[in-house]
Amino acid sequence: MNSTFIHANYSDQVIEEYKGNPLIEALPPIYSKEEVIAKLSYYPMFDVSEREMESHHRFHLIQRLFNIYQVFPNALFLNEKIGTIIRQGYVGRNPLKPEFAKGFTEELPEIQNQNQIWINDTSPKSMSIIGISGSGKTSTMTRILQGYPQVLVHSNYKGNPFSFTQLVWLQLNCPHDGSVKGLVNQFFISVDNILGTEYFDKFGRSNKLSVNTLMPIMTTVCRGIGLGFISIDEVQHLSLKGGGAKMMLNFFVTLSNILSIPICLIGTPSAMNVLQREFRQARRGGDMIFDRMENDAYWRLFVETIWNYQWVRKPVELTEDFVNLLYEESQGIIDTALKLYSLSQLRAIATNREELSIRLIKQVARENLKLIQPMLKALRNGDIHEMAKYEDIYFPFETAVERERIELEKNSFINATKAINNTVSKEQLQEEAMFRLNLLGLSKEKAKHAIKLALKEHQVKDVNELARLAYQYFLSNMQENKEELKEESSPNLRTIVKEGKEQGLSAYQSLKRAGIIKSLEGVV
């Protein structure tokens, strides 16, 4: 088993139809936009001292670039979609209701006969994501799903015994041969690895069981483990198989409509035709497009983020020329931009230049992106006929695609992102300053009050400066209120300040001479 089992804890629900369903109440809360940005964003650690490490060590550090995750509006939109369809999928599958057990026997004949029951239900059940290679569709899906526990173990619900193991989400890849049996076996193996079951040994290994027999077994397992969501990647492989693609997509429709298990199919543009034709009726959640980025404010936000990670010994400031160059050479494909940026740093370190430049990045692009230069050239020139040769990047104009993009004003979104980061930094700054003031004998309440006064009068970004100013405010209050001095400060501090004053020193100078302020700076 390679998954963490988490004991279910239940929270009160605001939405009426979510109440009284343990499979929903055990899920994380529905977060605000600001909370989602904070939770999804990931910026690896970076220390400027790492620039002084030997080159062979810095080669390893540069790999951190590929762990960066910058949130954009499409991630917020997808997060909202997934959160909605998971919960809506559980609405009709409350294990505490008699209908839950009853469905095991009543739905099985429909699945075995592959009858499609189109439920007159407008709730979003499934969706598809189409995106060019390297656009971040898979990494975004993974990042969102990791915000949910994968396995929840229920034992007691509101004082009543309730034994149930809930598999909240599952990620699969479509087999290269596009076969239904390959996908079903991959499902059994994945569930076994997560839950420690033996479904593959029981059903998958046997050559005697046909696809028509295996599919009902898979659906029964899905319901028995309370599966909340399935993500199936690389669905462009379906287009390689005629009848197999139709059979598999019909099976997805069955899972979605009969069992209310939401499914998200992810693929490159070459999968669009088959998805539009065969999976249309199940995609009540709609389509989502992950195209390459435009050279706009979002692109600059992305470049600003990665530009902070320079392991060359002579870092350079970000300019518009660098922003535009990275776009020109990557055409807004995030994965390509990250590879070019990392390779450029490697080249600068390997040649002892230790500095990024326009010329260096262009040279690295010419030498290391040779295989995709024709594709990039087609994108750069907007040549439809040339782009059509590359199925992983081309969205055919003749195919009608409903592009559901989140409508967020760009400046508002970027300001919200920066506000989250500033809030986190400000809170950390205050906590560090409070810790230092506690070492000097201030109570938590007095330290907090002194910090508040300091921040009200000064724009402080350094913890030492904040602690120093706050302590000065505290000392000023002590002079005005001797009773407070007696309560909050030791006799030694009072004596030090008094003796220093007699010698013409300020309270701060007196404390510094006595080594008190030095101890404050020493805990940085």
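Here are some questions and answers about this predicted model.

Colleague: Happy to start with confidence: what pLDDT does the protein average?
Modeller: This is a predicted model. Of its residues, 72% score at least 70. The protein's average pLDDT is 78.

Colleague: How many contacts beyond near neighbours in sequence does the stretch 394–409 have in the model?
Modeller: Take care here, as the pLDDT over residues 394–409 is below 50. Beyond near neighbours in sequence, the number of contacts this stretch has in the model is 40.

Colleague: How are helices α2 and α4 oriented to each other?
Modeller: Helix α2 covers residues 33–40 and helix α4 covers residues 73–91, and their axes come within 11 Å. The axes cross at roughly 105°. Angles of 65 to 115 degrees count as roughly perpendicular, so α2 and α4 are roughly perpendicular.

Colleague: Which residues of α4 make the contact with α2?
Modeller: From α2 come Lys33, Val36, Ile37 and Leu40. By class, the contact has five nonpolar, one polar and one charged residues. On the α4 side, the residues are Ala75, Leu76 and Asn79.

Colleague: Is glutamine 331 buried or exposed?
Modeller: Glutamine 331 sits in the loop between α14 (320–330) and α15 (334–350). Its phi is near 55°, a positive value in a residue other than glycine. Under 20% relative accessible area means buried; at 4% relative accessibility, glutamine 331 is therefore buried.

Colleague: And what is the relative accessible area of glutamate 354?
Modeller: Glutamate 354 lies in the loop between α15 and α16 (358–368). Though not a glycine, glutamate 354 has a positive phi of about 55°. This residue is buried, with a relative accessible area of 9%.

Notes
Residues numbered from 1 in each chain as written. Predicted model: local features only at pLDDT ≥ 70, side-chain atom pairs only at ≥ 80, totals over all residues. Heavy atoms only, no water. Helix = DSSP H or I, 4+ residues; strand = E, 2+ residues; numbered from the N terminus. Buried < 20%, exposed > 50% of the residue type's maximum accessible area, 1.4 Å probe, protein only. pLDDT = per-residue confidence, 0-100. Contact = heavy atoms within 4.5 Å. Axes fitted to C-alpha atoms, helices over the stretch in contact; angles between N-to-C directions. Parallel < 35°, antiparallel > 145°, perpendicular 65-115°, else oblique. Nonpolar A, V, L, I, M, F, W, Y, C, P; charged D, E, K, R; others polar.
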